[in-house]
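Good morning, and thank you for the time. I would like to walk through one model, its pockets and its ligand.

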Amino acid sequence: MKLYTCGTGTSGPAAMHPCARAGKALDEAGYKYDIEKVGGYRLMPWTWKNRARDRKVIKELSGTNEVPILILDNGEVISDSGSIAKWAKENPAP
Ligand SMILES: N[C@@H](CCC(=O)N[C@@H](CS)C(=O)NCC(=O)O)C(=O)O
């Protein structure tokens, strides 16, 4: 299982940071997962020049530029922190 996040990973308050919200929900559901950070954040103009390159894999996997996105071991893609949190709550780790 792999969680793609922005450059700050899953740190910060879940209420303020979507990637933190996803990470916290997976932690609470008892999952171990890899984290892959991607660059190119829209509120950081200096990251725009490499944005298309940095977010290419996200676009290919989810059709959007936004993280977090979660890739399950069966290859299923869940994008958006709310959907990831809902999935984790409904599917606690065995
Ligand atoms: N509604 C989305 C918002 C996610 C979001 O804004 N993610 C930031 C990183 S924390 C991002 O990738 N923004 C898109 C961008 O920089 O273009 C969610 O809750 O997952």
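I begin with the second largest pocket, which holds about 170 Å³ of space. On a 1 Å grid over the protein atoms alone, a pocket is an open set of points where a 1.4 Å probe fits, with protein on both sides within 12 Å along at least five of seven lines, and lining residues have an atom within 4 Å of a point. Grid points are joined across faces, edges and corners, and a volume is the space filled by probe spheres set on the points.

A word on provenance: this is a predicted model, in which local features need pLDDT of at least 70 and side-chain atom pairs count only at pLDDT 80 or more, while totals for chains, interfaces and linings use all residues. Residues are numbered from 1 along each chain as its sequence is written, and side-chain values use heavy atoms, with hydrogens and water left out.

The lining of this second pocket includes Ala14, Arg21, Glu28, Ala88 and Pro92. Helix H1 (18-28) and helix H4 (81-90) are the elements that give two or more residues to that lining; helices are DSSP runs of H or I with at least four residues, and strands are runs of E with at least two. H1 supplies the largest share, four residues. By class, the lining has six nonpolar, no polar and four charged residues, where Ala, Val, Leu, Ile, Met, Phe, Trp, Tyr, Cys and Pro count as nonpolar, Asp, Glu, Lys and Arg as charged, and the others, Gly among them, as polar.

Now to the largest pocket, with about 550 Å³ of space. Its lining comprises 26 residues, and Cys6, Pro18, Cys19, Tyr41 and Val67 lie nearest its centre. That lining divides into nine nonpolar, twelve polar and five charged residues.

What takes up the largest pocket? The ligand does, in the sense that more than half of its atoms lie within 2 Å of the grid points. Around the ligand are 13 residues, the closest being Tyr41, Arg42, Arg55, Val67 and Ser81; a residue counts if one of its heavy atoms lies within 4 Å.

A ligand oxygen is 2.6 Å from a side-chain N or O atom of Ser81, and a polar side-chain atom of Arg51 lies 2.8 Å from a ligand oxygen. A polar backbone atom of Arg42 is likewise 2.8 Å from an oxygen of the ligand. Taken alone the ligand exposes 510 Å², of which the protein buries 85%, by the Shrake-Rupley method with a 1.4 Å probe.

Finally, the backbone: the peptide bond from Val67 to Pro68 is cis, with omega near 10°.

How values were computed: A polar contact is a pair of N or O atoms within 3.5 Å; within protein, one must be able to donate a hydrogen and the other to accept it, and residues adjacent in sequence count only if both atoms are side-chain atoms.
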